[in-house]
Amino acid sequence: MLEVEKLGKTFKLPRRAKTGSKTGGVDPRQEERSFHALREVSFKVEAGEILGLLGPNGAGKTTLLRTLSTAIAPTRGTARFDGVDIREDPRRVRQRIGFLSGSTGLYGRLSPREMVSYYGRLHGVPAAELPARIEVLFAELEMQSYADKRNDDLSTGMKQKVSIARTLVHDPDIIILDEPTSGLDVHAAAGILAMIEGLRTTKKTVLFSTHHMHEVERLCDRVVLIDVGTKVFEGDVAEMREAGGDQALDRAFLGLLGKGQGATLRKGAA
Amino acid sequence: MKGFSALGIVARKEFVEMIRDRKTLFFMIVLPVVIIPLLGNVVIDFTMDAAKEEATKTLEYAVFDDVGEPEVEAALERAPAFEKVELGSRDAIKEAIAADEIDFALVLPEVDRTSEPLTVELHFDNASQTSSVSKRVHGALAGYGEQLREAKLAEVGATTAQARKLLLEPMAVVERGTATAREVAGEVAGGMLPYIFIMFALLGALYPAIDLGAGEKERGTLETLLLAPIRRRDIVLGKFLVIFGAGVVSATLVVITITVWIMAKMESVGGGAGELLSTIGPLDMLLAWVVVLPITAVFAAILLSISIYAKSFKEAQSYSAPLQILAILPAMAPMLPGVELGWGTAMIPVTNVSLAIKEIIKGTIDPMMLVAIVASSSVIAGVLLGLCTWWFSREEVLFRQ
């Protein structure tokens with residue numbers, strides 16, 4: 001289970017930083033040389049649940065996921081993975097999570113087997129168990145035919161499967177996915193979605209951000225929508241439709257965004 | 001997971017990736033093993049060929065004799081590989097030399113022979129570094145000059161060799177050099193060798209450092225690596241060890257290559273050059289290698305810090321360019337006149353290593369100073385590695401926008 005409690009993240013801006021947002025409007029998150037990327041975001045994800053993290057570009061989704069994954073430290077608040085606090089014991093948290101992003105790369109001069117094995121060892125998978133674990137993963141993901149080729153020689157879809165295997169090699173309890181289908185063709189994206197669906201059956205806790213509403217409809221038990229670093233909605237897909245005032249999820253999404261601070265910002269830019 | 005084990009896992013993976021990279025292998029192995037001896041051979045062969053050609057090529061000349069001294073011209077005609085050409089006027093000498101129509105001209109201006117010596121003006125291109133004109137003309141005319149001197153000495157009654165010597169050299173300054181042949185050789189070779197060692201230590205570490213830091217960011221693998229449940233210090237140390245190792249391999253290979261090359265060349269290069277090379281022994285090279293180790297660690301720590309800060313491979317290359325200049329200039333110190341190893345210069349990083357290698361080759365290194373240089377360079381490397389680890393823990397460095 002993941003519990004996020006009043007999580008906040010502020011970045012110090014360099015002296016040369018211009019005021020205002022990338023889109024040209026006045027960004028409410030910026031105060032002099034501070035940028036409040038996240039403000040008191042709280043939510044829970046139960047074991048076996050898939051939570052969709054939604055929001056427009058620059059809303060703070062990646063900052064939230066990076067903070068939860070312990071890549072960066074929170075400025076305020078905290079989060080707990082099955083009771084383990086990200087502030088108090090980040091290394092123990094890292095042992096329990098698997099992180100996959102659309103922009104995650106591979107070591108081009110290693111083979112899928114070498115790369116997955118590397119991450120397995122880094123995550124403390126016992127050496128005696130690792131080869132068997134890799135074989136099972138490669139069989140599930142149908143990767144055996146290219147397991148020993150160099151990553152540089154693989155197609156985009158194959159590479160994404162290597163990333164999935166890398167994410168799951170240590171059998172994490174919590175999976176964090178940051179726009180995992182970004183830039184993938186339909187075939188490769190379908191593979192990722194199938195993998196996420198499969199995780200539900202194994203009682204894993206899944207948190208994933210996406211811009212694709214069909215993925216939300218297909219996979220998510222619940223949804224958290226953030227805009228300008230603040231949570232603007234939390235509920236299931238049906239509740240999102242109701243709150244957004246439209247049965248079509250993309251229009252409901254826009255409807256919810258139209259009520260928040262971000263709407264003013266975007267209007268300013270327009 | 002225990003720190004040492006995590007460090008080993010990171011280092012092993014980085015090593016495997018590094019040795020599969022052709023560019024790294026080129027800088028680390030091919031350059032020191034193949035290019036350096038090849039370059040050395042080319043330079044030596046070219047220099048020897050050029051000197052040989054200059055010594056044997058036919059020199060074309062013109063003569064303008066106002067005093068009527070045909071023996072001067074006759075002396076040149078007797079000497080091998082001189083050919084006279086006609087030149088309209090002495091005003092055309094400069095232009096003719098510039099246009100390569102003649103190599104030199106002799107002008108014998110009118111003088112009062114009772115009170116002044118016979119003057120032979122040699123006009124030639126003295127800007128040419130490889131020109132042997134002056135040497136060869138002096139050689140060709142030396143015999144006739146000797147004849148004239150003998151005649152004059154006879155006129156004043158100096159008939160015996162003893163009398164002639166006393167008349168010509170009433171005072172003789174005899175040089176008695178205190179330096180050994182090795183010291184003389186070290187002064188020449190000791191300027192260049194440290195520069196080569198230090199440059200290769202830097203070059204060997206440069207490419208892996210960029211790949212292991214900025215390359216990791218550019219590929220998008222850094223974030224996942226940071227999420228591994230290991231200490232960031234172990235990641236930095238693992239990467240540092242591989243970069244340091246690459247620099248050491250490169251420096252080692254260049255030391256071995258130059259040692260082998262020197263031993264091989266001693267056989268084929270005779271004369272002063274062969275004697276000079278023979279004074280540098282394998283033990284000197286081994287000691288020079290030991291001195292290069294800590295400075296390689298300094299380079300590895302700085303390069304890794306730069307690479308971690310850079311957002312891309314290209315940016316890391318741009319940032320590391322000034323470091324190359326900062327390493328090259330102090331490494332060249334032994335080539336500068338008057339720059340010697342003392343407690344003052346021993347405190348200047350890179351320069352101290354460079355000067356120490358020169359003293360090792362000369363055989364005049366002070367052991368205390370050597371220990372001080374190795375120790376201070378090691379301390380600097382340790383401090384820089386500590387800074388690099390701290391650098392690697394900063395979000396604004398790792399996720400710089």
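Biologist: Is Asp66(B) buried, partly exposed or exposed?

Modeller: This is a predicted model, and in it Asp66(B) is partly exposed, with a relative accessible area of 34%.

Biologist: Which side chain does Asp66(B) meet in a salt bridge?

Modeller: That of Arg90(B), with 2.7 Å from N to O. The pair ties together parts that are 24 residues apart in sequence, because Arg90(B) lies in the loop between strand S2 (82-84) and helix H4 (93-98) of chain B, and Asp66(B) in the loop between strand S1 (59-65) and helix H3 (70-78) of chain B.

Biologist: And Arg90(B), is that buried or partly exposed?

Modeller: Arg90(B) counts as partly exposed, at 35% relative accessibility.

Biologist: Why would such side chains pair at all?

Modeller: Opposite charges can pair when the charged atoms of the side chains come close.

Biologist: How many salt bridges are there over all chains?

Modeller: The count comes to 35.

Biologist: Which residue of chain A forms a salt bridge with Asp211(B)?

Modeller: Arg109(A) does, and the closest N and O atoms are 2.4 Å apart. This pair crosses between chains. Asp211(B) is in helix H7 (residues 181-212) of chain B, while Arg109(A) is in the loop between strand S7 (97-101) and helix H3 (112-122) of chain A.

Biologist: Are those two buried or exposed?

Modeller: Asp211(B) is buried, with a relative accessible area of 5%. Arg109(A) counts as buried too, at 13% relative accessibility.

Biologist: What about Arg394(B), what does that form a salt bridge with?

Modeller: With Glu396(B), where the closest N and O atoms are 2.5 Å apart. Arg394(B) is partly exposed, with a relative accessible area of 27%. Glu396(B) is partly exposed as well, and its relative accessible area is 46%.

Biologist: Which residues are linked in a network of salt bridges?

Modeller: Lys13(B), Glu14(B), Glu17(B), Glu216(B) and Lys239(B).

Biologist: Enough charges. Which residues form the nonpolar patch on the surface?

Modeller: Phe26(B), Ile29(B), Val30(B), Val33(B), Val34(B), Leu38(B) and Val249(B) form that patch. Together they have about 510 Å² of accessible area.

Biologist: Where does the largest share of the patch come from?

Modeller: From helix H2 (residues 22-56) of chain B, which supplies six residues.

Biologist: Why can residues of a helix point the same way?

Modeller: An α-helix has 3.6 residues a turn, so residues three or four places apart point the same way.

Biologist: Take Val33(B). Where is it, and is it buried or partly exposed?

Modeller: Val33(B) is found in helix H2 of chain B. At 36% relative accessibility, Val33(B) counts as partly exposed.

Biologist: Now helix packing. At what angle do H12 and H13 of chain B pack?

Modeller: Helix H12 (residues 282-309) and helix H13 (residues 313-331) of chain B pack at about 155 degrees, and their axes are 8 Å apart. Angles over 145 degrees count as roughly antiparallel, so H12(B) and H13(B) are roughly antiparallel to each other.

Biologist: Is the crossing left-handed or right-handed?

Modeller: H12(B) passes H13(B) in a right-handed crossing.

Biologist: Over to chain A. How many residues of helix H1 are buried?

Modeller: Seven of the eight residues of helix H1 (residues 61-68) of chain A are buried, so this helix is largely enclosed by the rest of the structure. Among the buried ones are Lys61(A), Leu64(A) and Arg66(A).

Biologist: Which residue with a positive phi follows H1(A)?

Modeller: Thr70(A), with a phi near 75 degrees.

Biologist: What is phi for Glu40(A) and for Glu142(A)?

Modeller: For Glu40(A) phi is near 45 degrees, a positive value. For Glu142(A) phi is near 55 degrees, also a positive value.

Biologist: Where are these two?

Modeller: Glu40(A) is in strand S3 (residues 34-45) of chain A. Glu142(A) is in the loop between helix H4 (130-140) and helix H5 (156-168) of chain A.

Biologist: Buried or exposed?

Modeller: Glu40(A) is exposed, with a relative accessible area of 54%. Glu142(A) counts as exposed at 59% relative accessibility.

Technical notes: Residues are numbered from 1 along each chain as its sequence is written. Chains are lettered from A and ligands numbered from 1 in the order in which they are written. This is a predicted model: local features need pLDDT of at least 70, side-chain atom pairs count only at pLDDT 80 or more; totals for chains, interfaces and linings use all residues. Side-chain values use heavy atoms; hydrogens and water are left out. Patches are made of residues with over 30% relative accessible area and no salt bridge: like charges are joined within 9 Å, nonpolar side chains (Val, Leu, Ile, Met, Phe, Trp, Tyr) within 5 Å. Accessible areas come from the Shrake-Rupley method with a 1.4 Å probe; for residues, only the protein chains shown count as cover. A salt bridge is a side-chain nitrogen of Lys or Arg within 4 Å of a carboxyl oxygen of Asp or Glu. Helices (H or I, at least four residues) and strands (E, at least two) are DSSP runs, numbered from the N terminus. Buried means under 20% relative accessible area, exposed over 50%, partly exposed in between (1.4 Å probe, protein chains only). Axes are lines fitted to C-alpha atoms, for helices over the stretch in contact, and angles run from 0 to 180 degrees between N-to-C directions. Angles under 35 degrees count as roughly parallel, over 145 as roughly antiparallel, 65 to 115 as roughly perpendicular and the rest as oblique. A crossing is left-handed if the near helix is turned anticlockwise from the far one by less than a right angle, and right-handed if clockwise.
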